[in-house]
Amino acid sequence: MNKVYGSAAEALDGLLRDDMLIAAGGFGLCGIPELLLAAIRDSGVKDLTFASNNAGVDDFGIGILLQTRQVRKMMSSYVGENAEFMRQYLSGELELEFNPQGTLAERMRAGGCGIPGFYTKTGVGTQVAEGKEHKEFNGETYILERGIFADLSIVKAWKADTTGNAIFRKTARNFNPPAAMCGKVCVLEVEEIVQPGELDPDKIHLPGIYVHRLVQGTHEKRIEQRTVRAA
């Protein structure tokens, strides 16, 4: 089975439709599947729900899909750094399901492991807990969070072999592995594709069993907050 495609648009061919739930890897601008996001924008699909830590910035990451009004709902932890995200949310144009970061990551991982729900103390006594089942374990109150089962996962890695075994570079790993796990179909974009056996098996972060399609490309690698000091 050939998993390697010639472009992001080809890798997404036949997978996109309106009203779908997409799990996207990345944290800020680090490790985001920018090529796949651009291809989704160009496809014209709409009313999308994204499960992602945040939405990038106004003109990069999921932000480009907010600009074109292709996103109906975000399941996220962080709204900052994206003025359009904030504007659409505050004006009621965009639905937002806030998740603590650890809870969001675990919801993705749970979905990838076939776990429909789990109990956590995070959010107990806050708005996060409203409308959710509460249960006591050993005298402590927990709330039920549900696993995320996405229609599509889009993630970015540093290297992968042609079977989809992938390695993420340093902090760019972030939400990518759990996001990759929870989709019915996972499309992975990478900086470099190598042949099977060229990657150290002990260094694999994401097994190829989770990856259905693979594309190599050139990435912009922006810096979200450039901080410098005087010489």
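Student: Let's start with L90: is it buried or exposed?
Tutor: L90 counts as exposed, because its relative accessibility is 64%. The cut-offs are under 20% relative accessible area for buried, over 50% for exposed, and partly exposed in between, with a 1.4 Å probe and protein chains only. L90 is found in helix α4; helices are DSSP runs of H or I with at least four residues, strands are E runs of at least two, and both are numbered from the N terminus.

Student: Before I go on, what kind of model is this?
Tutor: This is a predicted model, where local features need pLDDT of at least 70, side-chain atom pairs count only at pLDDT 80 or more, and totals for chains, interfaces and linings use all residues. Residues are numbered from 1 along each chain as its sequence is written, and side-chain values use heavy atoms, with hydrogens and water left out.

Student: Back to L90, then. Which residues make the nonpolar surface patch?
Tutor: M86, Y89, L90 and F98 make it, and the patch is about 410 Å². Helix α4, residues 83-90, gives the largest share, with 3 residues. Patch members have over 30% relative accessible area and no salt bridge; nonpolar side chains (Val, Leu, Ile, Met, Phe, Trp, Tyr) are joined within 5 Å, like charges within 9 Å. The areas come from the Shrake-Rupley method with a 1.4 Å probe, and for residues only the protein chains shown count as cover.

Student: And the inside? Which residues touch the most other members of the largest nonpolar core?
Tutor: Those are I40, F50, M74 and I154, in a core of 29 residues. Elements that each supply at least two residues include α1 (8-12), α2 (34-43), β3 (48-51), β4 (71-76) and β9 (150-161). The most come from α2, with 4 residues. A core here is a set of buried Ala, Val, Leu, Ile, Met, Phe, Trp, Tyr and Cys residues joined through side-chain atoms within 4.5 Å.

Student: Which residues of α2 are buried?
Tutor: E34, L36, L37, A39 and I40 are. After α2 comes G44, with a positive phi near 85°.

Student: What about L48?
Tutor: L48 is found in strand β3, and it counts as buried because its relative accessibility is 0%. The C-alpha atoms of L48 and M20 are separated by 5.4 Å, although the two residues are 28 apart along the chain.

Student: New topic: how many salt bridges does a search of the whole structure find?
Tutor: The search finds 16, taking a salt bridge as a side-chain nitrogen of Lys or Arg within 4 Å of a carboxyl oxygen of Asp or Glu. One of them joins K156 and E191 at 2.9 Å, N to O. K156 lies in strand β9 and E191 in strand β11 (residues 183-194), so this pair ties together parts that are 35 residues apart in sequence.

Student: Is K156 buried or exposed?
Tutor: K156 is buried, with a relative accessible area of 10%, whereas E191 counts as partly exposed at 24%.

Student: How do those two strands pair?
Tutor: β9 and β11 pair in the parallel sense over 10 bridges; pairing requires at least two DSSP bridges between two strands. I154 has V187 in β11 as its bridge partner, and V187 also stands opposite R213 in β12. β11 and β12 (residues 213-216) are parallel too, over 4 bridges.

Student: And where are the antiparallel ones?
Tutor: Strand β6 runs antiparallel to β8 (residues 140-146), with 4 bridges joining them. T120 has I143 in β8 as its bridge partner. F118 and T120 form the covered face of β6, while G117 and Y119 form the uncovered one. In a regular strand the side chains alternate between the two faces of the sheet.
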